[in-house]
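Student: Could you take me on a close look at a single sheet, strand by strand? I'd like one connected explanation, please.

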Amino acid sequence: MPDKLVAALREEFEIENVVGFDLGVNRMPRIVVTIPPAECHIYLHGAHVTHYRRRGQAPLLFLSEKSYFQSDKPIRGGVPICWPWFGPSKADPSYPMHGFARLSQWSVNSVRPLPGDEIELILTLGPNELSAKYWPNHFKLDYTITVGESLDLRLTTTNIGDNPFSYEEALHTYFAISDIRQVQLMGLGGSQFNSKVPPVGVHTQNPDPLLFSAETDSVYADTKAQCTIVDQGEDRSVLISKEGSDSTVVWNPWTEKAKAMADFSDEEWLKMLCIETANVWHNAITLTPGQSHALRQHIQSDRLAAL
């Protein structure tokens with residue numbers, strides 16, 4: 001079955017030496033983009049971007065060496081799509097963490113070159129056997145991935161049913177860094193956040209760059225701010241801008257939680273930082289029948305000297 005799917009995708013969408021389709025880890029179907037400015041890998045499982053690298057730079061996305069590549073489990077790292085809930089389901093905590101979109105097999109809708117050596121891919125997801133187990137609503141997801149000198153991700157949700165529905169969403173992006181203890185995160189000064197680790201509760205971020213010295217799990221609500229990761233060890237700044245998003249989640253598991261995760265190596269917490277473009281908690285989105293909403297994340301990396 002995977003071989004036939006890849007063969008069909010090649011016949012319909014392949015662009016020779018630019019966009020290819022193959023079987024990646026554990027024979028899971030994968031899109032491989034190779035263009036002069038960058039390279040990118042996307043698995044159809046979860047519409048999961050697992051790799052992006054600009055020419056001349058180190059990979060921008062972190063991927064755990066212990067990540068599951070299995071049809072019933074999410075991939076650890078890259079850009080998981082959390083939808084239609086964030087964290088445990090309020091309807092039933094036994095439902096899949098962060099929703100079913102990252103466990104679903106997405107379809108390729110279109111592949112096309114754009115001016116400036118960019119490639120645009122659109123993947124889609126609609127109601128299926130998995131979604132029907134956990135969510136009764138009729139929806140359509142369109143995920144537009146634009147690969148070039150920057151990485152642009154746009155998740156559009158459309159209510160194709162007869163009743164309104166509400167949902168949460170996040171592009172749960174894992175950024176690769178040199179050392180979490182050395183990086184700075186700028187842009188969230190003055191924002192209120194709810195910390196899920198001690199000191200638990202609502203706080204106001206001070207105006208200084210955010211530094212990391214312990215487990216961090218914070219939801220910044222009511223913010224449209226762009227963030228910048230300043231990574232001296234990698235000689236890189238990463239600008240994360242967004243549209244259609246009123247929440248930003250910042251996460252690093254640190255030592256003890258890292259050891260408790262089977263799909264995460266004990267020391268990998270040093271090399272990753274999640275900055276998540278989101279709409280969660282009271283920033284959840286409600287759509288009436290026929291209405292759409294787009295969540296967009298734009299990622300641009302440069303050498304620090306370019307700041």
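Tutor: Happy to! Let's begin where strand 11 (residues 169–176) and strand 19 (residues 272–279) pair in the antiparallel sense over eight bridges. Here strands are DSSP runs of E with at least two residues, numbered from the N terminus, and two strands pair if DSSP finds at least two bridges between them.

A word on the model: it is predicted, so local features need pLDDT of at least 70, side-chain atom pairs count only at pLDDT 80 or more, and totals for chains, interfaces and linings use all residues. Residues are numbered from 1 along each chain as its sequence is written, and side-chain values use heavy atoms, with hydrogens and water left out.

Now step back to the whole sheet: seven strands form an open, antiparallel arrangement in the order 5-11-19-18-15-13-14. Its edges are strand 5 (81–82) and strand 14 (201–204), each pairing on one side only.

Further along that order comes strand 15 (residues 216–221). Five of its six residues are buried, so strand 15 is largely enclosed by the rest of the structure; buried means under 20% relative accessible area, with a 1.4 Å probe and protein chains only. Strand 15 pairs with strand 18 (residues 247–252) over six antiparallel bridges, where Val219 has Val249 as its partner.

Conventions
Helix = DSSP H or I, 4+ residues; strand = E, 2+ residues; numbered from the N terminus. Buried < 20%, exposed > 50% of the residue type's maximum accessible area, 1.4 Å probe, protein only.
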